[in-house]
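Q: Could you take a close look at how the helices pack against each other here, and then at the aromatic pairs? I'd like one connected walk-through that I can follow on the screen.

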There are 2 protein chains.
Amino acid sequence: MSLREVLFGKPIPNDEAEEEKIGPLTGIPVLGLDALASAAYGPEAALTVLLVLGAGGSHYLGPIIAIIAVLLLIVQFSYRQTIAAYPGGGGSYLVTRDNLGTKPALLAAAALALDYVLNVAVAISAGVGALVSALPRLLPHMLPLCLGLLALLTLVNLRGIRTAGMLFTLPTYLFVACLGVTLLVGVVKFVSSGGHPVPVVPPPHLPAGTAAVSLWLLMRAFASGCTAMTGVEAVSDGVPVFRQPRVRGAQRTLAGIVGILVVLLGGVAVLCHAYGIGATPPGQAGFQSVLSQLVGAVAGRGVFYSVTIASILTVLCLSANTSFADFPRLCRMLALDGHLPTAFAHAGPRLVFSTGVIVLSLMAAALLVAFGGVTDHLIPLFAVGAFAAFTFSQFGMVARWRKSQEPRARHFLVVNAIGGTATGLTLCVVAVSKFAEGAWMSFLFIPLAFLLFRTTRRHYDTVEKAIETERPMRVVRAAAPLVVVPLKRLDLVAEKGLQFALTISPDVHAVQVRAQPEEGGELRASWKRRVEAPLKEAGLPVPELVVLRSTYRQVVDPLLGYVRKLAAAHPDRFIAVLVPELIEHRWYHYLLHSHTATLLKMMLLFRGGPQIVVISAPWFLREPKHPFTRALRSPRPSFKASSARKPAPGSS
Amino acid sequence: MSLREVLFGKPIPNDEAEEEKIGPLTGIPVLGLDALASAAYGPEAALTVLLVLGAGGSHYLGPIIAIIAVLLLIVQFSYRQTIAAYPGGGGSYLVTRDNLGTKPALLAAAALALDYVLNVAVAISAGVGALVSALPRLLPHMLPLCLGLLALLTLVNLRGIRTAGMLFTLPTYLFVACLGVTLLVGVVKFVSSGGHPVPVVPPPHLPAGTAAVSLWLLMRAFASGCTAMTGVEAVSDGVPVFRQPRVRGAQRTLAGIVGILVVLLGGVAVLCHAYGIGATPPGQAGFQSVLSQLVGAVAGRGVFYSVTIASILTVLCLSANTSFADFPRLCRMLALDGHLPTAFAHAGPRLVFSTGVIVLSLMAAALLVAFGGVTDHLIPLFAVGAFAAFTFSQFGMVARWRKSQEPRARHFLVVNAIGGTATGLTLCVVAVSKFAEGAWMSFLFIPLAFLLFRTTRRHYDTVEKAIETERPMRVVRAAAPLVVVPLKRLDLVAEKGLQFALTISPDVHAVQVRAQPEEGGELRASWKRRVEAPLKEAGLPVPELVVLRSTYRQVVDPLLGYVRKLAAAHPDRFIAVLVPELIEHRWYHYLLHSHTATLLKMMLLFRGGPQIVVISAPWFLREPKHPFTRALRSPRPSFKASSARKPAPGSS
């Protein structure tokens with residue numbers, strides 16, 4: 001078992017593909033972790049904005065959460081229809097592309113891609129942030145912790161989605177159970193105490209308000225709270241990962257996610273109001289998260305508190321995983337349409353779109369490094385991408401129903417139109433109220449990504465047009481190529497090169513470039529004895545030895561010049577440049593060699609012109625098991641020196 | 001003029017090499033900057049150790065500097081002899097190798113290499129440190145400033161040493177002049193005031209002593225002060241850069257450097273004593289360098305002060321340049337002896353050993369990053385390397401004189417033995433007194449570098465033994481190779497590949513790997529019409545089409561397996577794998593392509609076995625000026641499609 005298999009798992013054959021599929025019970029953690037984890041930062045984000053109102057702030061949380069809950073239900077009904085209409089995966093990109101055209105679809109894809117990348121960065125840094133507030137001595141290592149966690153997630157996801165699902169099921173349900181119990185106990189206490197429960201551990205006192213309530217403030221609080229809605233679109237995009245019946249599985253999963261999320265958000269809103277819990281200023285001494293205050297107030301700081309907090313941390317960290325499930329799938333669709341490099345469409349040995357996973361991971365890492373692992377500032381960017389994608393998708397569905405022959409199309413149209421309008425309006429609110437705080441970056445990223453998609457596609461089209469042909473192959477009656485063999489001296493490596501050269505053409509030019517005037521004179525001196533004589537005797541054509549002088553101590557340029565001249569002199573022939581190469585058995589031995597051969601091959605390919613063909617003739621320092629020696633039926637073994645002596649394994 | 005030429009200068013032909021040589025006047029700045037700049041940090045380092053003695057500390061500076069001055073003169077006389085004996089460059093490595101053998105020589109080389117790298121890091125960070133204490137708002141950007149300066153120095157040195165010498169002459173002489181005037185005026189005031197001059201700007205009061213004077217303390221102060229001696233060996237190593245008569249030029253340069261240095265150090269010691277100047281605690285508020293206090297006390301804080309301080313800063317920064325002159329030369333010698341990769345021995349287009357320059361720069365950058373641009377801590381490591389190299393070199397000379405027939409050999413032997421003993425004793429003092437503070441790192445680095453040198457050499461020996469041959473070339477009567485052409489479909493790229501394949505062998509196998517079962521069926525369907533028919537009609541051999549299935553969605557492994565099977569079935573033939581490649585005209589377009597071709601070529605070379613040869617057949621998206629089209633005299637132009645349509649230049 002190789003290191004690769006230990007890390008990434010054994011390759012999965014094509015015919016076992018179906019077994020990697022999941023049902024609703026696994027679907028909720030795999031595709032819903034992101035949405036559910038929002039319960040931990042959505043209310044917190046809204047309350048942080050309301051902080052300036054002092055103790056009065058938490059009164060406004062209820063209405064805000066209520067609006068968000070309504071939005072969530074609207075979005076759920078919209079997406080149910082999307083799932084049914086697109087059992088092959090109805091991500092915003094696909095729905096928009098099919099119904100509104102390529103350009104809006106690419107905008108939706110860009111928005112969604114931004115959302116996924118931000119989700120990874122925000123979730124990881126929120127998780128690590130929570131961990132650090134529990135263990136303050138880890139504070140200086142925040143960024144390395146974030147990056148380590150990211151690396152771990154990347155690894156897990158490169159192994160494949162089912163294994164990933166297993167890993168995430170337990171923490172998700174633990175999170176839901178703990179928070180559910182807390183809210184249930186809290187609500188029971190709230191009711192039984194006649195609306196004035198006594199906190200077990202009282203939350204910190206809220207400071208006096210420093211501002212009056214205003215519509216602008218409430219809008220900003222609502223926009224922040226909307227981060228609680230991110231992640232819901234994941235299910236409609238991920239329909240293909242469900243086992244049959246796919247549509248039902250996906251719809252149930254969506255309903256489960258939205259149901260749990262609404263209950264959690266509602267419970268948090270009620271209890272914050274009941275216990276007078278508000279946000280504490282983030283990034284300052286005495287900071288304590290809203291959920292930590294809430295659990296403490298309801299259940300005290302015992303074992304249950306620790307377990308609940310631990311499950312919140314875990315889920316926050318892992319919620320990044322939703323993006324790992326969906327971002328590569330989005331990229332694959334874009335790649336299949338030619339809007340991204342083909343590598344994104346290529347499923348790796350574990351049936352995972354590895355390029356997408358790695359690119360997501362790198363982009364998130366860049367964000368984490370750029371923001372030093374503290375992503376408070378990223379939250380405003382977050383909602384823009386998500387809501388833009390929602391809106392495109394819903395209006396795509398509206399366009400679809402307008403053209404549809406389906407009897408209930410009119411009914412469906414109304415549902416999607418309501419959904420699209422609601423999310424579109426929310427998008428406007430978020431964009432306006434968060435523009436200065438960072439949402440402007442989304443308006444920079446989305447057009448740039450759009451441009452990237454368009455440019456890529458245009459390039460592929462250009463190449464395709466240039467190389468495509470349907471006609472029969474053209475017959476070229478060219479003579480054998482002129483073979484140029486660059487060499488310094490006649491060692492076994494060069495000898496093998498010449499031997500091969502003579503099997504493909506009678507016209508071989510051995511070219512020596514003398515970079516230093518003093519070196520290499522013995523090649524010409526011994527050429528007759530060592531090359532001409534034996535070949536003539538065997539009645540074979542003899543290679544010509546050409547010596548080039550280099551004025552600037554360079555090898556590549558004079559050779560390139562010679563090859564070009566040769567090409568010009570023989571316009572009707574291919575010029576094959578054969579580079580003899582020593583193959584070492586350890587990669588690091590390559591550091592010891594001058595890389596003239598590699599450079600030469602590159603320059604010939606890029607600058608050589610259409611007649612040039614480049615040949616690499618390897619010579620193995622440690623000869624593989626099946627030696628060429630016996631193979632070539634020459635009177636004496638040709639490569640005896642190489643196979644007879646075996647270099648010590650630990651020679652360096 | 002290309003960007004490369006703007007940055008690095010035009011290439012210099014071999015026959016202009018002599019013009020790059022220098023005389024003593026340029027030699028002092030180019031090879032002595034390092035030694036001279038030590039005047040700025042040697043006394044400072046000693047006084048910092050003496051700080052615990054309070055105001056009494058500066059009394060001990062005089063004797064310490066006196067010992068150092070004597071050592072300097074001893075070393076100078078020793079090196080005069082080395083220069084005369086080794087006009088081709090008598091660095092510690094060469095002298096030790098010739099007289100004491102390879103192993104001690106490699107130890108000396110390792111010590112010297114460490115010294116050079118540390119010098120770059122310490123000099124740059126000392127310079128930037130001084131700049132930052134003048135302009136405190138640059139403080140947060142210390143590391144970027146260090147790295148920027150390092151990059152600038154690297155660039156200057158990649159251009160070549162004469163240009164570099166020009167750049168450094170003015171600041172060095174300005175530094176010497178300013179400091180000389182300060183010391184002269186100071187000594188005049190000192191004498192005329194009867195030993196009690198009144199400072200223009202009084203230096204900060206020294207704190208009360210916190211420790212009694214002890215031998216250990218004085219030893220540590222001396223060891224720190226010894227950094228003032230680093231850099232002196234540079235001249236003997238750099239003899240070849242002098243123009244004829246080399247030896248005289250180098251000896252004069254050495255005498256000039258040591259003379260100036262002794263005068264500067266002596267002057268500083270006298271005036272520190274006279275004005276009661278001590279060190280201030282480094283890295284704390286109120287820090288002021290000794291030279292700054294001294295210039296202020298003698299001349300006040302006028303224009304002269306500013307010019308002097310500026311020249312000190314400049315020289316500190318630039319003293320790193322000595323290492324840039326000598327480190328690459330040391331590496332070249334090691335490389336010529338096979339102890340370092342050949343790349344170090346290769347002079348670039350500007351007659352500079354570019355690899356050495358770049359490696360030095362990278363190692364210094366790593367040190368700067370690791371220590372955050374603050375290299376106070378590195379000073380202890382510094383002296384160990386320098387004194388170890390001194391000592392090896394002197395004892396090497398002793399061994400030489402013992403075998404010498406030269407009439408005055410005995411006299412010379414005594415001089416070098418005194419030099420070697422003095423520096424050896426100093427090395428012991430430095431190593432012992434600074435071991436815990438960081439000198440242990442030298443004792444880690446030097447053996448590691450030694451091991452690297454030995455391992456490299458052993459590997460080269462192994463390879464050389466394996467590939468070297470003197471016998472006549474063996475004649476191989478193999479048939480034309482079997483050519484394998486991997487292709488997905490028959491576009492113009494693949495067509496050119498097939499066309500070339502047919503010119504070198506009648507046995508061509510076109511191999512299609514179907515990674516996804518659904519794709520690529522049309523190749524087999526159209527093979528007869530598009531390939532077989534036209535070739536048969538022309539009476540040419542017809543390539544065979546082989547379709548391979550891939551279970552794990554991979555392309556490379558099945559191909560490799562097929563090629564190996566072919567090799568086993570035809571043990572008497574070469575197997576040439578021809579990879580058709582699309583050559584784009586912009587490097588970034590390569591991001592868009594799947595790199596299966598590159599991976600395939602690599603795997604074939606490394607794993608294919610001794611019968612395999614790899615051929616790259618390029619097809620140019622933008623056809624170069626001399627199109628193959630007209631060239632190949634086929635009935636109709638072969639590559640019409642490619643040259644007829646020219647893709648838009650700004651296609652992406």
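A: H13(B) and H14(B) pass each other in a right-handed crossing. Bear in mind that this is a predicted model. To find the spot, go to residues 320-336 of chain B for helix H13 and residues 354-370 of chain B for helix H14; their axes come within 8 Å and cross at roughly 120°. That angle makes H13(B) oblique to H14(B). On the H13(B) side, the contact is made by Ser323(B), Phe324(B), Phe327(B) and Pro328(B), and H14(B) brings in Gly356(B), Val357(B), Val359(B), Leu360(B), Ser361(B) and Met363(B). Sort the residues of this H13(B)–H14(B) contact by type and you get seven nonpolar, three polar and no charged.

Now hop over to chain A for another crossing. Helix H3 (residues 61-85) and helix H16 (residues 409-467) of chain A have axes that come within 9 Å and cross at roughly 135°. H3(A) and H16(A) are therefore oblique to each other, and their crossing is left-handed. From H3(A), the residues in contact are Leu71(A), Ile74(A), Val75(A), Phe77(A), Ser78(A), Gln81(A) and Thr82(A). They meet Phe412(A), Val415(A), Asn416(A), Ile418(A), Gly419(A), Ala422(A), Thr423(A) and Thr426(A) of H16(A). By type, the contact of H3(A) with H16(A) splits into eight nonpolar, seven polar and no charged residues.

Leaving out residues up to four places away in sequence, Thr391(A) touches Gly420(A), Thr423(A), Gly424(A) and Leu427(A). Thr391(A) counts as buried, at 12% relative accessibility.

Take the contacts in chain A between residues at least 6 apart in sequence, and 79% of them join residues at least 24 apart.

On to the aromatics. Over all chains, the count comes to ten aromatic pairs. One of them is Phe500(A) with Phe574(B): the ring centres are 5.0 Å apart and the planes sit at 80°, so the pair is edge-to-face. Phe500(A) lies in helix H17 (residues 492-504) of chain A, while Phe574(B) lies in the loop between helix H19 (556-569) and strand S4 (575-583) of chain B, so this pair joins two chains. Phe500(A) and Phe574(B) are both buried.

One last stop for the rings: Tyr79(A), Phe387(A) and Phe390(A) form one aromatic cluster.

Notes:
Residues numbered from 1 in each chain as written. Chains lettered and ligands numbered in written order. Predicted model: local features only at pLDDT ≥ 70, side-chain atom pairs only at ≥ 80, totals over all residues. Heavy atoms only, no water. Axes fitted to C-alpha atoms, helices over the stretch in contact; angles between N-to-C directions. Helix = DSSP H or I, 4+ residues; strand = E, 2+ residues; numbered from the N terminus. Parallel < 35°, antiparallel > 145°, perpendicular 65-115°, else oblique. Left-handed = near helix turned anticlockwise from the far one by under 90°. Contact = heavy atoms within 4.5 Å. Nonpolar A, V, L, I, M, F, W, Y, C, P; charged D, E, K, R; others polar. Phe/Tyr/Trp six-rings, centres within 6.5 Å; stacked < 30°, edge-to-face > 60°. Buried < 20%, exposed > 50% of the residue type's maximum accessible area, 1.4 Å probe, protein only.
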